[in-house]
Structures are given as structure tokens and as C-alpha cells.
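Okay, thanks for coming, everyone. Today I'd like to walk through the cross-links and charge pairs in this one. Have a look at it on the screen first.

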Amino acid sequence: MKSIFVSLLFFFLFLFVGCKSTESSMASKKELIKNNYLKGNSIALYDGINDTTFVKLKNFSGDFIFDMKYATEANFLKTKVYDCDECYLRLKTIKFLIEANAEFQSLGYRIKLFDCYRPLDIQKKMWEIVSNADYVADPKKGSIHNRGAAVDITLVDKDGNELDMGTSFDFFGPEAAHNYQGFSRKIRKNRTLLKEVMLKHNFKSFDSEWWHYNLVDSNKDKLANFKWKCN
């Protein structure tokens with residue numbers, strides 16, 4: 001009789017722990033969905049939106065840091081070309097970017113964005129200021145930024161401090177290239193971390209600019225001139 005009682009006690013204890021574990025798991029899952037961490041992001045957040053639609057990143061995640069350089073004069077053009085500092089991209093780009101940021105967060109870092117989608121009219125304006133294809137893409141051909149599939153980024157730590165990448169964003173010189181070996185091991189390690197995770201999440205790097213990443217196959221998308229409204 002005693003053995004039956006003990007068996008029943010263990011059985012109900014198992015059920016109780018199992019239920020609590022399930023509840024905890026469900027709560028964690030809901031939290032992950034809320035923060036857009038789910039791999040693939042096949043969640044209601046994206047339902048009914050075409051992958052090629054231009055959307056605002058802030059509407060899909062609050063886990064990025066923004067420093068939109070072209071909405072200020074703190075850029076190589078020395079002039080402001082965006083009316084306001086919003087980051088728009090095609091939805092498919094945002095999906096992979098959120099995935100990449102989730103992995104960076106698991107390592108104690110976050111993505112900081114310098115530039116996202118760039119309307120073709122802005123590309124023309126930049127070309128008028130600096131008509132040099134080494135620095136600005138010719139608007140006749142356009143850039144992946146004009147297709148809503150390119151981002152200029154770096155990484156920050158948990159305190160918001162940028163990781164040392166050796167040069168600033170939009171530094172035009174051999175030191176900005178991925179294969180430049182003249183920096184310390186720490187700097188090269190930071191660049192490697194950024195590159196490896198981004199490549200893992202369907203982006204490809206740009207050889208001469210450590211900060212620039214394009215979504216794979218995005219050159220097939222059309223150039224766009226969609227303009228967002230400033231609040």
C-alpha cells in the first residue's frame with residue numbers, strides 16, 4: 001500500500017513539474033515572439049505583408065540602435081540629405097536582419113545602423129554633391145541601398161559602445177577593406193564577428209567597406225523611389 005502511495009505521489013509530482021515547465025516554456029515562447037527573436041520570423045507580425053514591401057524597421061523590432069548619418073551633417077558629404085532619421089527596408093531584408101541581430105544579442109552585442117533604404121532621388125542628390133563612383137553609386141545604375149536591401153552597420157556592446165572596427169563608417173581608404181591586415185587582432189576579430197554572422201543570415205559583404213552588407217540576390221530587385229513621411 002505504501003509503495004502505491006509513493007508511486008502516486010511521484011506521478012502527481014511529475015505532472016505538476018511538467019505543467020509548470022510547459023507553462024514556463026509557453027511564456028518564454030511568447031516573449032520571444034514579442035521581441036521578434038524566432039528563427040525565420042514566420043509569425044503573425046509579418047502576416048499579410050508582401051516580402052518586397054517597404055516597411056519601417058522600428059515597427060518590427062525595438063532591439064536596434066540607430067545613428068542615421070545622412071539625416072545629419074556628420075557624414076562624408078558634409079550635408080544632410082534625409083529629412084528625418086528613419087530606417088526603411090523591404091520586409092524580406094528586415095526578416096534576416098532581425099535574425100542576425102538576435103544572434104548578436106545572444107553574444108552580448110547589438111546592431112547599430114548608419115544607413116538603410118535610400119530613395120533614388122536621394123541617390124541623385126548625393127551624386128550631384130560627389131560625382132565619383134568610388135564614393136557614391138551612379139544613380140543611372142543605382143545601388144542596393146536604392147533597392148531596399150542594403151544596410152550600413154556596426155556592433156555595439158551592452159552599454160551601447162561601438163566595437164573598434166579600425167576606421168569610422170564611410171572611411172574611404174584601404175584600411176576599410178575586409179582583407180586589410182594592418183590592424184590589431186582585436187579589431188580584426190570584431191570585423192570577423194560582424195561578417196561571419198551577417199553572412200550566416202543571408203547577407204553578403206562588400207569587399208572595400210567593412211560596414212556594408214547586401215541581402216543575397218537583392219540586385220534582382222527594382223530600383224525604388226519610395227519616400228517615407230517624417231513624424
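So, lysine 227 forms a salt bridge with aspartate 121, and the closest N and O atoms there are 2.8 Å apart. By salt bridge I mean a side-chain nitrogen of Lys or Arg within 4 Å of a carboxyl oxygen of Asp or Glu. This pair links distant parts of the chain: lysine 227 sits in the segment after β7, aspartate 121 is in helix α3, and they are 106 residues apart. Helices (H or I, at least four residues) and strands (E, at least two) are DSSP runs, numbered from the N terminus.

Before I go on, a word on what you're looking at. This is a predicted model, where local features need pLDDT of at least 70 and side-chain atom pairs count only at pLDDT 80 or more, while totals for chains, interfaces and linings use all residues. Residues are numbered from 1 along each chain as its sequence is written, and side-chain values use heavy atoms, with hydrogens and water left out.

Back to our pair: buried or exposed, or something in between? Lysine 227 comes out at 46% relative accessibility, so it counts as partly exposed, and aspartate 121 is partly exposed too, at 33%. The cut-offs: buried is under 20% relative accessible area, exposed is over 50%, and partly exposed is in between, using a 1.4 Å probe and protein chains only.

How many salt bridges does the structure hold? There are 10. Some of them share partners, and those join Asp67, Lys69, Lys112 and Glu162 into one network.

Next one: glutamate 103 and lysine 200, whose side chains meet at 3.1 Å, N to O. Glutamate 103 is in helix α2 (residues 91-106) and lysine 200 is in helix α4 (residues 185-200), so this bridge ties together parts that are 97 residues apart in sequence. Lysine 200 is exposed, with a relative accessible area of 57%.

Then there's glutamate 86 with lysine 56, where the closest N and O atoms are 3.8 Å apart. Here glutamate 86 is in the loop between β2 and β3, and lysine 56 is in strand β1 (residues 54-56), 30 residues away. Both glutamate 86 and lysine 56 are buried.

Now the disulfides, meaning pairs of cysteine sulfur atoms within 2.5 Å. The structure holds 2 of them. Counting bonded cysteines along the chain, the pattern is 1-4, 2-3.

Cysteine 84 pairs with cysteine 230, with the sulfurs 2.1 Å apart. That one links distant parts of the chain: cysteine 84 is in the loop between β2 (65-66) and β3 (88-90), cysteine 230 is in the segment after β7 (209-215), and they're 146 residues apart. The link is left-handed, with -85° about the S-S bond. Cysteine 84 is buried at 14% relative accessible area, whereas cysteine 230 is partly exposed at 37%.

The other disulfide is cysteine 87 with cysteine 116, sulfurs 2.0 Å apart. Cysteine 87 lies in the loop between β2 and β3, and cysteine 116 in the loop between β4 (110-115) and α3 (120-129), so the pair ties together parts 29 residues apart in sequence. Its S-S torsion is about -95°, so this disulfide is left-handed. As for burial, cysteine 87 has a relative accessible area of 1% and is buried, and cysteine 116 is buried at 1% as well.
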